[in-house]
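Thanks for asking me to look this one over. My notes are below, as numbered points to read alongside the model.

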Amino acid sequence: MEFLLASGIGWVTACGIYLLLRGRSFSVVLGLSLIGYAVNVFIFAMGRLWRNAPPILGQSSGLVADPLPQALVLTAIVIGFATTAFVIELALRSRHESGSDHVDGAEPVDALAARPLR
């Protein structure tokens, strides 16, 4: 189970990095979101995967789950939503100002299309 979880986190991180390296603003926002999801699952997994363990200490002195990773992930989700909304607003503003949705503000020039005809 741990290998499957680690492979899934690695796959989502790799997809997020691939999307970050693309030239369009939408794929950069999607890549940032995927990396945020991968980090959240990683933090949650660091608290160990417990079965049938209550999250809060009670009268029983048995097995309990660690509530700290759950609180950290919940906080990270809220901060991730706010950050994603801000980045989307920046991308929309950049599109309006530059007329292009490329992250550097300029459309790439195709080498074959720019070559003059003989």
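Predicted model: local features only at pLDDT ≥ 70, side-chain atom pairs only at ≥ 80, totals over all residues.

1. Let me begin with helix H2, which runs over residues 25–46 and so has 22 residues by the helix assignment used here. From first C-alpha to last, H2 reaches 32 Å, close to the 32 Å expected at 1.5 Å a residue. Just after H2 comes Arg48, with a positive phi of about 70°.

2. Which residues of H2 are buried? They are Ser25, Ser27, Val28, Val29, Gly31, Ser33, Ala38, Asn40 and Ala45. The cover over these buried residues includes helix H1 (2–20) and helix H3 (67–98).

3. Leaving aside residues up to four places away in sequence, Asn40 touches Val73, Ala76 and Ile77.

4. Now for H3, with its 32 residues. The distance from its first C-alpha to its last is 46 Å, close to the 46 Å expected at 1.5 Å a residue. Pro69, Val73 and Ala91 are buried in H3, and what covers the buried residues of H3 includes H2. Following H3 is Gly99, whose phi is positive, near 80°.

5. The largest pocket has a volume of about 270 Å³. It is lined by 13 residues, and the closest to its centre are Leu32, Ser33, Gly36, Gly80 and Thr84. H2 and H3 each supply at least two residues of this lining, with the largest share, 7 residues, coming from H3. What kinds of residue make up the lining of the largest pocket? It divides into 7 nonpolar, 6 polar and no charged residues.

6. The second largest pocket has a volume of about 170 Å³. Its lining consists of Met1, Glu2, Leu5, Ala6, Ile9, Phe42, Ala45, Met46, Arg48 and Leu49. Here H1 and H2 each supply at least two residues, and H1 gives the most, with 4 residues. This lining divides into 8 nonpolar, no polar and 2 charged residues. Arg48, listed in this lining, is the residue with positive phi just after H2, and Ala45, also in the lining, is one of the buried residues of H2.

Terms used: Residues numbered from 1 in each chain as written. Heavy atoms only, no water. Expected span 1.5 Å × (residues − 1). Buried < 20%, exposed > 50% of the residue type's maximum accessible area, 1.4 Å probe, protein only. Contact = heavy atoms within 4.5 Å. 1 Å grid on protein atoms, 1.4 Å probe; cavity = no way out; pocket = protein on both sides within 12 Å on 5 of 7 lines; lining within 4 Å. Points joined across faces, edges and corners; volume = space filled by probe spheres on them. Nonpolar A, V, L, I, M, F, W, Y, C, P; charged D, E, K, R; others polar.
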